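Hi everyone, thanks for coming along. Please have a look at the structure on the screen, and then I'll walk you through it piece by piece.

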Amino acid sequence: MHMADALISPVVGGAMWVATAGVAAYSIKKIQTEMDEKKVPLMGVMGAFIFASQMINFTIPGTGSSGHIGGGLILAILLGPYAGFLTMASVLTIQALFFADGGLLALGSNIFNMGFFTCFVAYPLIYKAFMGKGYSKRRIVFASVLTAMIGLQMGAFGVVLQTLFSGKTELPFGTFVLLMQPIHLAIGAVEGLVTAAVVTYIWNSRPEIIERAASGEAIGNVSIKKVVAGMVVIAMVTGAGLSWFASSNPDGLEWAMIKTAGTAELEATGTLHQQLSDLQTKTSFLPDYSFKASESEMEQVVGEGEEVWPAVSGGTSTAGLVGGGMTLALAVLMGLGVSMLKKRKNRFSA
Amino acid sequence: MSNIMDSLYNMRLLDDLARQDTVIHKLHPLVKLLATVSYLTVVVSFGRYDIGGILPLVIYPVMVFTLAELPVKPIVLRILLVSPFIIGIGILNPFFDKQIFVLGDREISRGWVTFLSILLKSGLTVTAALLLIATTGMDRLGSALRMLKIPRIFVLQLLLTYRYISVLMEEVARTLRAYSLRAPKQKGVHRSAWGSLAGQLLLRTFDRAQRIYEAMCLRGFAGEYNTGGFGKLRIGDWVYLAVWFLFFITVRFYNIPMLIGSLITGVIR
Amino acid sequence: MSHHKLEVKDLHYNYPDGHEAVKGMSFCIHHGESVGIIGANGAGKSTLLMLLMGVLFPSEGEVSVGDVHVTKKTLPMIRQRLGMVFQDPDDQLFMNTVYDDVAFGPRNYKLDENEVEKRVLQALELVGILHLKDRAPFKLSGGEKRAAAIASVLSMQPDILVMDEPTAALDPKSRRRVMDLLGSFKHTKIVTSHDIDMIYGMCDRTIVIKKGEIAADGATSEILVNAELMEACGLEVPLALQNCPVCGTQK
């Protein structure tokens, strides 16, 4: 469920980055005030563990297929929510850099979807609540499965919302939800069962690890209440905003979402565009025809946010095709030229 | 299993590439990070019907590839393994948007255009991220993050995770090898061994973390990660950044292929 | 040079689960000595090293370096003078380049970057891997990793080197190289190992540990030839001193 750069708009990507950075900064502050420097190497190596354990295929009984874990819940249980969130963040960062899972712009969303919901919502509200009554094998299994499933449902829903807000796909909201949620119910069940098996094993052989993590995280009731309250406020504000758009636009909720993302973009580029086109009229030196074409094309570029399908005439589309081909040829030529220059230089210096 | 070896090979390849000594490699890591982020932003900011405008952005990866003398094949192979998620989501576009338009003398549905646009963007963004790491390396990227005032704790933890991925992957590979040798007909790990297999790996990881912590303490670690000094940005770094910024902005506001195309077709006419 | 001496007085240590790992050890190691510590698995060697380094604190008795007791307060000072090389170099090389790893210690002591560089290059030169300074640890061979781990300790300029199994998992040539390297150092050396031949070749003095107690302490040349003692402690006389299997010559 990694969001990819290609599916996200700068506005959504940026907003999710801000949210993630905020949660990360808060978590770092928490760890620093706990003065638990011992946790830093543990977090580092646990990140590597999650990476490596994602390579293990667990056979799912009765299906013949196998699944692997994401690791968010195990991190929250063993390291506490703050350190768990940060560790998940570094795992996802390395995945984005080395394996092109997700992307750098979408990284904020991915950390939020896979880290925040599990560590700061599902874990404290479900898992901790269950374990407050004491540990037992059955309780561990039940709590893990429920927490993993709910955490992943929220994460998957996050993916749906972010993708729709970004407006890069044509998928209607309902279809997308139907595609994403059920499959993540199954993924969540596997994640929960494997997590439960591992936690039970550790609880049997080295109970102090589990107990220390649960007691040492100093997750005061106040702070978690703050987090949840903050989320509720944000959800209400966006919800109110969205329903306003929905009621003013008969085409449905998803249409409004795309529109909000689009207009935000439009405003940002609007004034700059104006100045640039002024500049362009002043410094015009190209033949009339091509200049006009470029101007109308620019309007299309900016107007795209409003979902206006560019009324392309046969002539301009041919121009576009020819120009596109030329541009690609130019790029290849530039590459070849530079590499030839470099080779010649090497030969001379050698 | 082959999965693990693939991932290890991939990480080592990128790490090796990052230790070359070319014009691009010598640039300040911060400059490369900023150029990459602005490139990604510009690529992604294009609308879903706009393919032509993006095309000039192909020049960036082409230039970095050649200037950094990177082997094209292994990296392009990586890029082709684009996340199935993107294709899965994108391939549905033609089904939901069947409106037809005319391009040249052919009729194409809008859905295919948006699908193509998603694929193109995905290719470019994935390439840019891989190029960043293949020309910079994780350690220098870490120092760039420190320059951006990312807290020490996070940077140290990130570097540690990167460092121990290869160690733990080898450990997992050994464990799985031992498992599969004694469970020849199983595709994955049987449910009865879920807890003990992953659990023991985890306990060993905890012990290793403890030893690493001790090794750090014995060399004076007291909760603070001290990096060495950072190199200053030189004129070349500023020029590199400025040139790309200018290029990206130009591409964003002028549809260059359209300009070239109309110039040519205009002349012909 | 009394300030280089390392003294252990009536040392006891109990693990939290009640296991008594060290029961009343006492010894004194003087400047320039090179001491081998041997014993069967679980005899208490590793626990002893942890106590020397101040990673664990004794339940009873004390460790002092020079005239300073090892306590929480004196740790930074103690650790500058005692350098420890871990058994698994992967635990010790936690940074992503050899250079950064060797620089980790000096940087923690807030030396200025020029001094750090000088020390790093010096340490790498000393162990003969200057050319590997920009390598990633996973690109090193076992012997190179070991050398890098030793360099990471040398850059702190310690007086005493403590080493846990420095020749473990090395091929014969790398093992020989590490032994020659260690032999060339003038530091006080404390080495634990199951490689009895290495101890025989490198250490003048040997301490034998059995079930948390010192079973013998004296000149290597006397202790390691004592087959009865070695047998009783779960050890063996060095191969170099055993009967030749080919020609049957008695040694």
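**Two domains in chain B**

Let's begin in chain B, where the centres of domain 1 and domain 2, taken over C-alpha atoms, are separated by 32 Å. Please keep in mind that this is a predicted model. If you'd like to find the domains yourself, the assignment gives domain 1 as 1-150 + 229-259 and domain 2 as 151-227. So that's where to look.

How many residues of domain 1 of chain B are in contact with domain 2 of chain B? There are 12 of them, and they meet 13 residues of domain 2 of chain B. On the domain 1 side, the helices α1 (2-18) and α9 (138-147) of chain B each supply at least two residues. The largest share, six residues, comes from α9(B). By class, this side of domain 1 has seven nonpolar, three polar and two charged residues.

**Where chain B touches chain A**

Now let's move on to the contact of chain B with chain A. Here 103 residues come from chain B and 99 residues from chain A. Which helix of chain B gives the most to this side? Helix α11 (residues 191-218) does, with 16 residues. The chain B side divides into 61 nonpolar, 33 polar and nine charged residues.

**Where chain C touches chain B**

Chain B has a contact with chain C as well. This one takes 26 residues from chain C and 23 residues from chain B. Looking at the chain C side, four helices each supply at least two residues: α2 (75-81), α3 (89-92), α4 (98-108) and α5 (113-127). In terms of class, the side of chain C that touches chain B has 14 nonpolar, five polar and seven charged residues.

**Chain C as a whole**

Let's finish with chain C itself. Chain C has 10 helices and 10 strands. Its C-alpha atoms fill a box of roughly 55 × 50 × 40 Å along the principal axes.

Technical notes:
Residues are numbered from 1 along each chain as its sequence is written. Chains are lettered from A and ligands numbered from 1 in the order in which they are written. This is a predicted model: local features need pLDDT of at least 70, side-chain atom pairs count only at pLDDT 80 or more; totals for chains, interfaces and linings use all residues. Two residues are in contact if their C-beta atoms, placed from the backbone, lie within 7 Å. Ala, Val, Leu, Ile, Met, Phe, Trp, Tyr, Cys and Pro count as nonpolar, Asp, Glu, Lys and Arg as charged, and the others, Gly among them, as polar. Domain bounds come from an automatic or database domain assignment.
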